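Subject: Structure handover

Hello,

Here is the structure you are taking over. The notes on what was found in it follow below.

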Amino acid sequence: MIASRLVGRRPARLSQLARLSHFGLPGAIALLVLVATVAAATASRPAAAARNGHDWVTSWGASPQDPMPGTLGMTGFHDQTVRDIIFPSVGGNTIRLELTNAFGRSPLQVGRVTVAVADLGAGVVPGTIHPVSFGGSASVRIPAGEQVLSDPVGMQVSAMQELAVSIYLPGRTGAATLHSDAQQLNWVSAAGDHSGEAGSGAFTIPTLSWYYLSGLDVRSSGAAGTVVAFGDSITDGVNSSVGGNDRWPNDLARRLGAMAGPALSVADAGIGGNRLLAASRCCGASGQARFARDALDQPGVRDVIVLEGINDIGLSVGPLHPDGGLTPARIIAGYRDLIAQAHARGVRIFGATLLPYQGAGYYSPAGEAIREAVNAWILTSGAFDGVIDFDAVMRDPANPLRLNPAYDSGDHLHPNDAGYQAMADAINLDMLLPPSR
């Protein structure tokens, strides 16, 4: 076992949790929705083998989700262009994009895709627009429940330089696969194909979600591999500054990139409201079910940092308790499953302690007892390849059951920007880097 420790933290999102606690359907319909959710969100990428290969790493990622009723994603698009703004963690001279229709109810027709260096608002830097092809064609049809990987695009990409990916959708899409909590302002156009336009005038609809884009791979001899940050809303960066790229995985990428020699890319596989043991429509398949797809299938993956379980506790014990019967042993069994999955693929996995959450809407003394028992196991069992004691870094010195006020965004669940930075700063980079470093 690696003796070094990471330090950081993360629980869940109150607004996501409120939606979850109020979401309900008659039993039979709910079961069908749940089955469809798990099936769509857990199938291993059909292009997973193709995504791996010489020098490819995941420079950016977003785990796909099902749209919720009453949202733009549920309405979908027709003869419109979506412009997603993303933040690569490492640079290179060739890229690939992964588009997803994981939750589509019908095949998705994509008319044209471009990638460019992002400028202010919805604009892109003139002269940087690159066309993206799929099997040599500018258009592609993505079956429901599947993903597609683009052809390599010869484009010099710099680390920490925002890119704009524009996706033209000529027909009626129906429900759109998305990533709900982007913490980034993205754009949807008026009618027409505006993927080749540098200006922002046609992009009239702002949105805080990413649509149809789930990965950016970079070919780079200067990258030593990929670290996947896997978990719920804290890893997703909820309550960080919109457009600031202030999630703790972003801050970790900056630290890694500042070191001399080959860097590790960082892929963010957080989903707000996600649980280790249970699926829900709002918040994705369970962590166990989506682990292979969202973490182990990433190109170049070397290490996974797992920070998940507080939603299982908060939504199963105490004031919301829709499931009941949760024990520390069940969460620990879930962790053991992730460990087995990772080790079977030759990937190291680091476990992070769960953050204090007293004062949050779903806090309870019974849940606190489970959290403490789970954290004790993470710290002492030796089951993970290394331990990340985020709890120790983020708790209030005056009251260890609560977040440190200096790091609390105000909901007693999520850090603010300073808290996310503190998490990244506390990580021992030697634990992640290859032995030669």
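Partly exposed means a relative accessible area between the limits for buried, under 20%, and exposed, over 50%. Asn239 has a relative accessible area of 35%, so Asn239 counts as partly exposed. Please keep in mind that this is a predicted model.

Backbone points

Asn239 sits in the loop that runs between helix H5 (233–236) and helix H6 (248–257). Its phi is positive, about 75°, although Asn239 is not a glycine. Asp79 is another non-glycine residue with a positive phi, in this case near 50°. Asp79 belongs to strand S3 (residues 78–86). With a relative accessible area of 25%, Asp79 is partly exposed.

The chain as a whole

The chain has 437 residues, and 58% of them are buried. Its secondary structure amounts to 12 helices and 23 strands. Of the contacts between residues at least 6 apart in sequence, 82% join residues at least 24 apart.

How many of the eight residues of strand S18 are buried? Eight of the eight are, so S18 (residues 263–270) is largely enclosed by the rest of the structure. In a regular strand, side chains alternate between the two faces of the sheet. Both faces of S18 are covered. S18 pairs with strand S17 (residues 223–231) in the parallel sense, over eight bridges. Within this pair, Thr226 stands opposite Ser265 of S18.

Nonpolar cores

In soluble globular proteins, nonpolar side chains tend to be buried together. The largest nonpolar core in this model has 37 residues. Which residues have the most contacts inside it? They are Phe291, Val304, Ile331, Tyr335, Ile349, Tyr357 and Trp377. At least two residues of this core come from each of S17, S18, helix H7 (287–296), strand S19 (301–307), helix H8 (310–314), helix H9 (328–344) and helix H10 (365–380). H9 gives the largest share, six residues. There is also a second, separate core of 35 residues, which includes Ile142, Val148, Val165 and Tyr211.

Leaving aside residues up to four places away in sequence, Ile349 touches Phe291, Val304, Val306, Leu338, Ile339, Ala342, His343, Phe384, Asp385 and Gly386.

Phe291 is also one of the buried residues of H7. H7 is mostly covered, with seven of its 10 residues buried. Besides Phe291, the buried residues of H7 are Gly287, Arg290, Arg293, Asp294, Ala295 and Leu296.

A nonpolar patch on the surface

Which residues form a nonpolar patch on the surface? Leu185, Leu208 and Val242 do, and together they have about 240 Å² of accessible area. Leu185 is located in the loop between strand S12 (178–179) and strand S13 (186–189). The relative accessible area of Leu185 is 34%, so Leu185 is partly exposed.

Regards

Methods:
Residues are numbered from 1 along each chain as its sequence is written. This is a predicted model: local features need pLDDT of at least 70, side-chain atom pairs count only at pLDDT 80 or more; totals for chains, interfaces and linings use all residues. Side-chain values use heavy atoms; hydrogens and water are left out. Buried means under 20% relative accessible area, exposed over 50%, partly exposed in between (1.4 Å probe, protein chains only). Helices (H or I, at least four residues) and strands (E, at least two) are DSSP runs, numbered from the N terminus. Two strands pair if DSSP finds at least two bridges between them. Contact means heavy atoms within 4.5 Å. Patches are made of residues with over 30% relative accessible area and no salt bridge: like charges are joined within 9 Å, nonpolar side chains (Val, Leu, Ile, Met, Phe, Trp, Tyr) within 5 Å. Accessible areas come from the Shrake-Rupley method with a 1.4 Å probe; for residues, only the protein chains shown count as cover. A salt bridge is a side-chain nitrogen of Lys or Arg within 4 Å of a carboxyl oxygen of Asp or Glu. A nonpolar core is a set of buried Ala, Val, Leu, Ile, Met, Phe, Trp, Tyr and Cys residues joined through side-chain atoms within 4.5 Å.
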